[in-house]
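Please walk me through this structure, from its overall layout to individual side chains.

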Amino acid sequence: MKLVTLLQIAGLLHIGLLVAGALMPRVVGFNHHIAGLPTFLRRLFRVYLGFIGGIIIAFGCVSYFLAEALAQGGAAAAALLLMMTLFWTARFAVALFVFDMSPYLTNAWRRFGYHVINITFLYLPIVYGYAFWKGVTQ
């Protein structure tokens, strides 16, 4: 499969992550859990969620619409690909070693979605890392 196609698939996968992220507060009872926090902290968590969502949108758009430029390499492409590789590698590690989602995986759909998300978290750093490596070795 062509690198451009792999990058565009990565871009589209970001949409799925946004959908999962939008469902997450309801699934985990986010508003209930943060209700007792001071207003500043409640707003801080919501702002963080917004910023993370914005980064996911940006990564997805760049991956899909600028896949050709990323695949061709160059300093800017390499820098962005390295950043996305590190971001998604860290996110995959957090999914494996930090978050315990078992209390929320209460039905087959949630368990299925959880596995799909983790496969996505694995796919993204592999594709971005491969594109980075290919770009710097050209």
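**A helical chain and its aromatic residues**

Tyr-64 counts as partly exposed, at 32% relative accessibility; buried means under 20% relative accessible area, exposed over 50%, and partly exposed in between, with a 1.4 Å probe and protein chains only. The model is predicted, so local features need pLDDT of at least 70 and side-chain atom pairs count only at pLDDT 80 or more, while totals for chains, interfaces and linings use all residues. Residues are numbered from 1 along each chain as its sequence is written, and side-chain values use heavy atoms, with hydrogens and water left out.

The secondary structure of the chain consists of six helices and zero strands, where helices (H or I, at least four residues) and strands (E, at least two) are DSSP runs numbered from the N terminus. Along the sequence this reads α-α-α-α-α-α. Taken along the principal axes, the C-alpha atoms fill a box of roughly 55 × 35 × 25 Å. Of the 138 residues, 28% count as buried. The accessible surface comes to about 8,700 Å², and carbon and sulfur atoms account for 74% of that surface; accessible areas come from the Shrake-Rupley method with a 1.4 Å probe, and for residues only the protein chains shown count as cover. Among contacts (heavy atoms within 4.5 Å) between residues at least 6 apart in sequence, 77% join residues at least 24 apart.

The interior comes next. In soluble globular proteins, nonpolar side chains tend to be buried together. A nonpolar core is a set of buried Ala, Val, Leu, Ile, Met, Phe, Trp, Tyr and Cys residues joined through side-chain atoms within 4.5 Å. The largest such core in this chain has 22 residues, and Leu-7, Leu-81, Trp-88 and Tyr-128 have the most contacts inside it. The elements that give two or more residues to this core are α1, α3, α4 (67–72), α5 (75–97) and α6 (108–136). Leaving out residues up to four places away in sequence, Leu-81 touches Leu-7, Leu-70, Tyr-128, Ala-131 and Phe-132.

Thr-120 is in helix α6 and is buried, with a relative accessible area of 8%. Not counting residues up to four places away in sequence, Thr-120 touches Leu-13 and Leu-17. Leu-13 is found in helix α1 and is partly exposed, at a relative accessible area of 27%. With neighbours within four places in sequence left aside, Leu-13 is in contact with Thr-120 and Tyr-123. From Leu-13 to Ala-79 the separation is 66 residues in sequence and 21 Å in space, C-alpha to C-alpha. Asn-118 also lies in helix α6 and is buried, with a relative accessible area of 12%. Apart from neighbours within four places in sequence, Asn-118 is in contact with Phe-92 and Ala-95.

How are the aromatic rings arranged? A pair of aromatic rings is described by the distance of the centres and the angle of the planes. Rings of Phe, Tyr and Trp (its six-membered ring) pair if their centres lie within 6.5 Å; planes under 30 degrees apart count as stacked, over 60 as edge-to-face and the rest as tilted. A search of the whole structure finds seven aromatic pairs. The rings of Phe-59 and Phe-87 have centres 5.3 Å apart and planes at 90°, so this pair is edge-to-face. Because Phe-59 lies in helix α3 and Phe-87 in helix α5, the pair ties together parts that are 28 residues apart in sequence. Phe-59 is buried, with a relative accessible area of 6%, whereas Phe-87 counts as partly exposed, at 31% relative accessibility. Tyr-64 and Phe-65 form another edge-to-face pair, 5.1 Å centre to centre with 85° between the planes. Phe-65 counts as exposed, at 63% relative accessibility. Ring pairs also link Phe-59, Phe-87, Trp-88 and Phe-121 into a cluster.

Tyr-64 and Phe-65 return on the surface. Together with Leu-12, Ile-15, Val-19, Leu-23 and Leu-66, they form a nonpolar patch with about 690 Å² of accessible area. Patches are made of residues with over 30% relative accessible area and no salt bridge, with like charges joined within 9 Å and nonpolar side chains (Val, Leu, Ile, Met, Phe, Trp, Tyr) within 5 Å; a salt bridge is a side-chain nitrogen of Lys or Arg within 4 Å of a carboxyl oxygen of Asp or Glu. The elements that give two or more residues to the patch are α1 (3–28) and α3 (39–65), and α1 gives the most, with four residues. Val-19 is found in helix α1 and is partly exposed, with a relative accessible area of 46%.
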